[in-house]
Amino acid sequence: MIDDLLSMEDLSAAHITRILDTAAEFKDLGIRPIKKVPVLRGRTVCNLFYEDSTRTRISFEVAEKRLSADVINFSAKGSSVSKGESLKDTALTLQAMGVDAIVIRHQASGAPQRLTEWVDAKVLNAGDGWHQHPTQALLDLYTIRERLGELDGLHVALCGDILHSRVARSLVQGLATMGCRVTLVAPPTLMPPEVSSWPVTVTHDIDSVLADLDVCYLLRVQNERMAEQFFPSVREYARIWGMDIHRLGRMPEHAIVMHPGPMNRGVEISADVADAGQAVITEQVTNGVAVRMSCLYLMLGGEETQADQGSPR
Ligand code: CP
């Protein structure tokens, strides 16, 4: 397996399939009365979060605890970062304490890559700037495969704020690696300039693709990353690019609606679509735990310890 999980670019189809297959075996654990296996007993994992998170942070912590790892939670707020401590010095402090893996979310693209230069611990990228969010892409691929049976040949549309989205950059790579056809739908102002080199088709008209989709993936409008106005108004955005119940009705019956969260209900997705049967948004969250268990298990050498400790499943 890979040493660090930094970008979907580093994962081949065989890597992705192995991670998803291992996650499928861990998923059952989540419905057992005792939701714990000893495969990472004695290993220490630090969750190093410089940027806000609900799903990713809790999901990693649940995954680590279900694997019996010792867990340290570090938040930039309330730490010596507020006294000016650099990422490098924080990394060297963790290195000196002998942590085995660091899960990092950082507002700067490339921060997880820099971290690998300072520590021996395995590094897992939990989202860096606009760049990458590989475990989100993996849990999305898992959810699509689980719901629709396969990935190869599916048509997936990613709709909304592509420009600021690390989720889009990760998922496009993962979908392309697994043989999916990808269409990006966004206002021209929210389409990245470099998109011409991506393995995608581009449109500004969501209504032109709905009838042909297997998956419609809505992206959050990232107001916190916008210093200027990218579209006339929220109402206009929802009307032209948002997924509502009428648009849902134009998708094939088998098609699913996804969103990485957090959602802006009434903007990129209406409340009734978010709660509809075709929406798999809470399934994405459930699958995130199994996928992160799989990544930690495969990266921290769980397979070597399995013989001593019994099967995790
Ligand atoms: N999907 C996602 O990354 O959500 P959080 O920001 O809550 O972790």
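The model is predicted, so local features need pLDDT of at least 70, side-chain atom pairs count only at pLDDT 80 or more, and totals for chains, interfaces and linings use all residues. Residues are numbered from 1 along each chain as its sequence is written, and side-chain values use heavy atoms, with hydrogens and water left out.

**The largest pocket**

- A pocket here is an open set of points on a 1 Å grid over the protein atoms alone, where a 1.4 Å probe fits and protein lies on both sides within 12 Å along at least five of seven lines; its lining residues have an atom within 4 Å of a point.
- The volume of the largest pocket is about 440 Å³, where a volume is the space filled by probe spheres set on the points, and grid points are joined across faces, edges and corners.
- Its lining has 22 residues, and nearest the centre are Arg 105, Arg 166, Arg 220, Gly 261 and Pro 262.
- Helix 2 (55-66) and helix 6 (166-177) each give at least two residues to this lining; helices (H or I, at least four residues) and strands (E, at least two) are DSSP runs, numbered from the N terminus.
- By class, the lining holds 4 nonpolar, 10 polar and 8 charged residues, counting Ala, Val, Leu, Ile, Met, Phe, Trp, Tyr, Cys and Pro as nonpolar, Asp, Glu, Lys and Arg as charged, and the others, Gly among them, as polar.

**The ligand**

- The ligand takes up the space of the largest pocket, as more than half of its atoms lie within 2 Å of the pocket's grid points.
- Around the ligand are Ser 53, Thr 54, Arg 55, Thr 56, Arg 105, His 133, Gln 136, Pro 260 and Gly 261, each with a heavy atom within 4 Å of it.
- This shell divides into 1 nonpolar, 6 polar and 2 charged residues.
- Oxygen atoms of the ligand lie 2.8 Å from a backbone N or O atom of Thr 54, 2.8 Å from a side-chain N or O atom of Arg 105, and 2.9 Å from a polar side-chain atom of His 133.

**The second largest pocket**

- This pocket has a volume of about 240 Å³.
- It is lined by 20 residues, with Arg 55, His 259, Ile 281, Thr 282 and Val 285 closest to its centre.
- Helix 10 gives the largest share of the lining, 6 residues.
- The lining is made up of 8 nonpolar, 8 polar and 4 charged residues.

**Backbone details**

- Gly 261 and Pro 262 are joined by a cis peptide bond, with omega about -5 degrees.
- Pro 262 sits in the loop between strand 9 (256-258) and helix 9 (271-274).
- Ser 68 is not a glycine, yet its phi is positive, at about 70 degrees.
- The loop that holds Ser 68 runs between helix 2 and strand 2 (70-75).

Terms used:
A polar contact is a pair of N or O atoms within 3.5 Å; within protein, one must be able to donate a hydrogen and the other to accept it, and residues adjacent in sequence count only if both atoms are side-chain atoms.
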